[in-house]
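Please look over the sequence and the model below. Then follow the text with the structure open beside you.

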Amino acid sequence: SSGINAEWPLRPGGPNGTFPILNRDQTADLEIFKRYYRSQPDEAFLETLADINVLYFLASNETLNFKESIGEICSAIKSRDRSLVEQFKVSPIWATFEQIISIDSDLSGGGETWACSTCTLINNATATACEVCGTPKC
């Protein structure tokens, strides 16, 4: 036995879908993460972080260095320890990250969005097709 437990304790992704896997290589694109994060309920922070693609995005993010926090986050997720996740949520590094992603940009003029039926990406309302996978807006 390798001693590694391959089971992840939670369904990956927040209640409103998963963070698209295609964003794993788009570490500089905070806009897509912002839309995904805003689509998730505040009380589902643990489930939102449990998405392996979110963890990869954070670990490889060049805006802030989450590398030192990822081990603790994964331990909290694996043990389903909401108090540890909430401690991370009020940490200086996450507070800074939330400030960065809270800066409003002109997403659609009205702030409306739609979720892609294929990859679940939250797209801006004026997009006629998904920004990641190209699926036409329904």
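The model is predicted. The salt-bridge count comes to three. Side chains of opposite charge can pair when their charged atoms come close.

Start with E131 and R35. These two residues form a salt bridge, with the closest N and O atoms 3.1 Å apart. E131 lies in the segment after β2 (122-124), while R35 sits in helix α1 (residues 30-39), so the bridge ties together parts that are 96 residues apart in sequence. How exposed are the two partners? E131 is partly exposed, at a relative accessible area of 40%. R35 has a relative accessibility of 7% and counts as buried, because the cut-off for buried is under 20%.

Move on to K89 and D42. Their side chains meet in a salt bridge at 2.3 Å, N to O. K89 belongs to helix α5 and D42 to the loop between α1 and α2 (45-49), so this pair links parts that are 47 residues apart in sequence. K89 counts as buried, at 12% relative accessibility. D42 counts as exposed, at 54%. The reason for that label is the cut-off: exposed means over 50%.

Now find E47 and R82. Here too the side chains meet in a salt bridge, at 2.3 Å from N to O. E47 lies in helix α2 and R82 in helix α5, so the pair ties together parts that are 35 residues apart in sequence. E47 is buried, with a relative accessible area of 18%. R82, at 41%, counts as partly exposed, because its value falls between the two cut-offs.

Turn next to the largest pocket. How much space lies in the largest pocket? The figure is about 170 Å³. Its lining can be traced residue by residue. S69, E72, I73 and A76 are among the lining residues. L84, V85, Q87 and F88 also belong to the lining, as do S91 and I93. Which helices each supply at least two residues of this lining? They are α4 (67-78) and α5 (82-89).

Sort the lining by class. Six residues are nonpolar, three are polar and one is charged. E72 is in the lining, and Glu counts as charged. Select the lining residues in your viewer to see how the classes are placed.

Technical notes:
Residues are numbered from 1 along each chain as its sequence is written. This is a predicted model: local features need pLDDT of at least 70, side-chain atom pairs count only at pLDDT 80 or more; totals for chains, interfaces and linings use all residues. Side-chain values use heavy atoms; hydrogens and water are left out. On a 1 Å grid over the protein atoms alone, a cavity is a set of points where a 1.4 Å probe fits but cannot get out, and a pocket is an open set with protein on both sides within 12 Å along at least five of seven lines; lining residues have an atom within 4 Å of a point. Grid points are joined across faces, edges and corners, and a volume is the space filled by probe spheres set on the points. Helices (H or I, at least four residues) and strands (E, at least two) are DSSP runs, numbered from the N terminus. A salt bridge is a side-chain nitrogen of Lys or Arg within 4 Å of a carboxyl oxygen of Asp or Glu. Buried means under 20% relative accessible area, exposed over 50%, partly exposed in between (1.4 Å probe, protein chains only).
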